[in-house]
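Student: Hi, I have a new structure open and would like a tour. Could you walk me through it?

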Amino acid sequence: LMEGAVSLIPLLRSYFLYLLFFAELQALLDYSQLGSYLAIEGATWVGSLTAPQPVMWLPVVLLSALLNLLIVPTEVKWQLLAPCLEPLIGCEQMSAEALYSAFCIGDCSTDILSPFLPYLPWVLAWVQYVEPQTGYRMLWRHGWRYSVAVLVVWSLLFLCWQAMGWPFVL
């Protein structure tokens, strides 16, 4: 268990470096108000789209999956995406429950690949218990298959759920 935790020290150095750059980026976006501008422009662009619901939620799933590899907490990702995605709810192209479900499908599918996963030391420790030579690279090399499988299966289930017309909330 200790070997697994000690092997993560090089990853923690890069993690803190990422945090530094993300904090600087956040400060620059706050100062320049570029984030607000992009949110407003993104909202008007998304609001102008007219496409069937499956076409509208697929980019939400993929964008959420990609952001999960770069940003740590789910709440921050939702705060980043929500201003651009809320016009979909306002134009009644998608319900709020379906939109958030699409976001969560993308978010949960790439959790095992995220270097910011809070449980990564425990996952690596358990994997190293079985295979002592395993590191994060090996975990990523094998984990992407499961990540893609989860993304495809959950997306198909979501598509079937919407095709049946079943409500998300009872």
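**A nonpolar patch and a helix crossing**

Tutor: Happy to! This is a predicted model. Let's start with the nonpolar patch: α2 gives the most to it, with 4 residues.

Student: Which residues make the nonpolar surface patch?

Tutor: Met2, Val6, Ile9, Leu12, Phe16 and Leu19 make it, and the patch is about 590 Å². The elements that give two or more residues to it are α1 (2-6) and α2 (9-32).

Student: Where does Val6 lie, then?

Tutor: Val6 is in helix α1.

Student: Okay, new topic. At what angle do the axes of α4 and α6 cross?

Tutor: Helix α4 (residues 53-68) and helix α6 (residues 96-109) have axes that cross at roughly 35° and come within 7 Å.

Student: Which residues make that contact?

Tutor: From α4, Trp57, Val60, Val61, Ser64, Ala65 and Asn68 take part, and from α6, Leu99, Ala102, Phe103, Ile105, Gly106, Asp107 and Ser109.

Student: Is the crossing left-handed or right-handed?

Tutor: Right-handed, as α4 passes α6.

Student: Let's jump to Arg141. Which helix has it?

Tutor: Arg141 sits in helix α8, which covers residues 136-164. Arg141 is partly exposed, because its relative accessibility is 45%.

Student: How far apart are the C-alpha atoms of Arg141 and Leu113?

Tutor: They are separated by 9.0 Å, with the two residues 28 apart along the chain.

Notes:
Residues numbered from 1 in each chain as written. Predicted model: local features only at pLDDT ≥ 70, side-chain atom pairs only at ≥ 80, totals over all residues. Heavy atoms only, no water. Patch = residues over 30% accessible without salt bridge, like charges linked within 9 Å, V, L, I, M, F, W, Y side chains within 5 Å. Areas by Shrake-Rupley, 256 points an atom, 1.4 Å probe, with all protein chains shown as cover. Salt bridge = Lys/Arg side-chain N within 4 Å of Asp/Glu carboxyl O. Axes fitted to C-alpha atoms, helices over the stretch in contact; angles between N-to-C directions. Left-handed = near helix turned anticlockwise from the far one by under 90°. Contact = heavy atoms within 4.5 Å. Buried < 20%, exposed > 50% of the residue type's maximum accessible area, 1.4 Å probe, protein only.
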